[in-house]
Amino acid sequence: MAMRRTWRTGLLAISIAMGSSALETLPAFSQSILRVAPETLSRILDPHFTTSFTTRDLGYLIYDTLFAVDDTFTPKPQMVESYTVSLDKLTYLFVLRPGLKWHDGQPVTAADCVASIRRWASRDSMGQTLTRFLAALEATDASTIKLVLKEPYGMVLESLGKVGAPVPFMMPERIARTPGNEQVKEIIGSGPYRFRADLHEPGVKIVLEKFTDYTPRREPPNWASGGKIAKLDRVEMLGLPDAQTQVSALIRGEVDYLERVPADLLPLFDSQSGGKASAAKAEVVSKLGFQAIMRMNHLQPPFDNLKVRQAIARAIDRSLYAAVVAGDPSFATDCAAVFGCGMPYESKDGIPTRDMAAAKAMLAEAGVDFSKPIVMLHVANAPGIAALGNVTRQVLVDLGFKVDMQAMDFQTFATRRLNTRPVSEGGWNLAHTTNTVPDQGNPLSNPFLVASGPPASAWGWPNDLKTDELRLKFATAPDAAAQKAIASEIQARSYEQVLYLPLAQFTTPSAWRNNLEGVLRSPAMLLYNIDRK
């Protein structure tokens with residue numbers, strides 16, 4: 001560890017001395033600009049279309065939601081001024097806050113929100129479940145949304161206020177009518193910042209400006225709920241190629257905020273030991289953290305065979321993933337709970353024990369053709385995801401597989417993973433990603449438990465009728481105790497079918513200049529409310 005830190009610190013010193021060509025053209029700082037380096041900068045700006053963290057975080061600046069959950073997972077009104085629920089719990093009436101405007105100057109209407117809900121629901125696991133219960137969804141006037149259920153469903157507000165991607169962001173009706181499987185052409189919201197299309201450089205820079213007609217709520221911000229106050233005039237998201245470049249830019253004062261900092265660079269932020277980044281600080285802002293994920297392609301051999309998927313589940317050693325995913329084992333645990341450790345539905349049910357001999361026997365029984373390599377999509381520019389791939393490659397080799405590890409950046413991965421075709425036609429067999437623990441935290445919000453096959457299921461496309469039935473049973477459970485019991489049953493079924501594999505749970509620090517204040521603690525990177533001292 002000491003050698004690795006010395007080596008990386010040395011590289012950092014070289015980077016600082018030489019400068020970064022990606023930043024040479026940046027103008028001098030203005031006190032009204034917040035420059036941010038996400039781990040990766042998404043080229044997809046449509047917040048309903050992708051689960052990209054950058055797109056989600058960008059969405060929280062540009063768009064707004066009808067509701068938002070706080071840190072107790074309680075839905076709070078956001079764009080909604082008031083609402084009522086009928087005694088039979090079938091009819092919801094939502095009245096919008098007065099004076100809401102889109103960034104093009106037009107008023108926000110209930111019809112806009114109805115179209116937005118329908119589009120979001122076509123792309124999101126919670127939205128798809130909500131749709132199953134819908135009898136009607138309409139605008140009764142310019143400011144009132146009427147939602148009618150076929151039968152009582154207790155997760156309506158939680159669905160409309162979910163914090164994770166895809167977030168149910170509202171957009172103008174003419175844009176929201178874009179089919180969910182197509183990206184929108186205009187980025188127009190009603191949030192605290194507006195998108196500057198004229199200054200956008202895809203993959204390089206995203207520029208946002210304060211929307212002066214936005215009126216924040218008066219409640220204090222708590223996660224994504226409460227007041228969204230644009231205290232700085234402009235936010236710029238910059239695409240910097242790697243953690244070394246990002247940290248050196250922060251040290252030089254060329255960026256203000258880094259989404260993630262690898263653990264082995266943290267000594268640079270230790271002012272007590274004279275760290276080079278003592279003008280900045282690093283801190284974990286999402287205490288629940290992330291779940292590390294392995295997803296096998298259920299449509300293509302060999303992982304269309306349940307025995308083969310079960311063999312992989314018996315072969316993995318989570319301690320190896322926990323050791324590398326955050327860059328420092330102290331930031332990770334070998335948590336195998338589908339709904340996350342420290343979460344309300346945490347369970348140990350169904351988790352298989354590691355047994356390499358049993359795994360090899362299962363592969364022999366399945367008649368696996370080891371001459372055909374496993375195509376692994378390997379996200380090389382996201383250190384945590386890349387580390388997962390390196391561990392899995394060795395697991396597969398130990399089992400007798402050949403591995404074709406195809407390196408790419410995250411943006412390429414986000415498109416490539418949607419390919420349902422055979423490997424010979426650009427398809428794939430196995431990939432890794434991460435997601436926030438709150439997103440994974442219940443059977444309806446966890447996108448990797450949707451088991452309806454394509455196109456409803458997330459990439460990997462599992463198809464298991466029993467899982468879908470259990471998720472609906474959870475949705476209509478009479479109380480919290482019944483929900484917890486059903487969630488444990490869903491976890492056991494997920495492991496039996498190997499819908500996906502949780503590999504570890506981890507946190508990762510963010511970093512920002514010491515002259516910033518108002519940084520919010522949240523599962524998402526929320527960049528409003530930040531100001532300079």
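Reader: Which residue does the disulfide join to Cys335?

Author: The disulfide joins Cys335 to Cys341, with an S to S distance of 2.1 Å. A disulfide here is a pair of cysteine sulfur atoms within 2.5 Å. This is a predicted model, in which local features need pLDDT of at least 70 and side-chain atom pairs count only at pLDDT 80 or more, while totals for chains, interfaces and linings use all residues. Residues are numbered from 1 along each chain as its sequence is written, and side-chain values use heavy atoms, with hydrogens and water left out.

Reader: How many disulfides does a search of the whole structure find?

Author: The search finds one.

Reader: What is the handedness of the link between Cys335 and Cys341?

Author: The link is right-handed, with 100 degrees about the S-S bond.

Reader: Is Cys335 buried or exposed? And what about Cys341?

Author: Cys335 has a relative accessible area of 6%, so it is buried. Cys341 is partly exposed because its relative accessible area is 24%. The classes are buried under 20% relative accessible area, exposed over 50% and partly exposed in between, with a 1.4 Å probe and protein chains only. Another cysteine, Cys113, is buried at 0%.

Reader: Let us turn to confidence. What is the mean pLDDT of the chain?

Author: The mean is 92, and 93% of the residues reach 70 or more. The pLDDT is the predictor's confidence in each residue, from 0 to 100. Over residues 1-30 the pLDDT is below 50, and this stretch has 49 contacts in the model beyond near neighbours in sequence. Contact means heavy atoms within 4.5 Å.

Reader: Now the backbone. Where are the cis peptide bonds?

Author: Pro166 sits in the loop between α5 (156-160) and α6 (173-176). Helices (H or I, at least four residues) and strands (E, at least two) are DSSP runs, numbered from the N terminus. Another cis bond joins Pro454 and Pro455, where omega is about 0 degrees. Pro455 belongs to the loop between α13 (437-440) and α14 (465-475).

Reader: Which residues other than glycine have a positive phi?

Author: Among them are Phe73, with phi near 65 degrees, and Trp461, with phi near 50 degrees. Most residues other than glycine have a negative phi, and most peptide bonds are trans.

Reader: Where is each placed, and is each buried or exposed?

Author: Phe73 is in the loop between β2 (67-69) and β3 (75-77). With a relative accessible area of 32%, Phe73 is partly exposed. Trp461 is in the loop between α13 and α14, and its relative accessibility of 6% makes it buried.

Reader: Changing topic: what does Ser347 contact?

Author: Leaving aside neighbours within four places in sequence, Ser347 is in contact with Ala337, Ser488 and Gln491. The side chains of Ser347 and Ser488 are joined by a polar contact of 3.3 Å. A polar contact is a pair of N or O atoms within 3.5 Å; within protein, one must be able to donate a hydrogen and the other to accept it, and residues adjacent in sequence count only if both atoms are side-chain atoms. Ser347 lies in the loop between β14 (332-333) and α10, and counts as buried at 9% relative accessibility.

Reader: Which residues does Met356 touch?

Author: Not counting residues up to four places away in sequence, Met356 touches Arg314, Ala315, Asp398 and Leu399. Met356 lies in helix α10 (residues 356-366).
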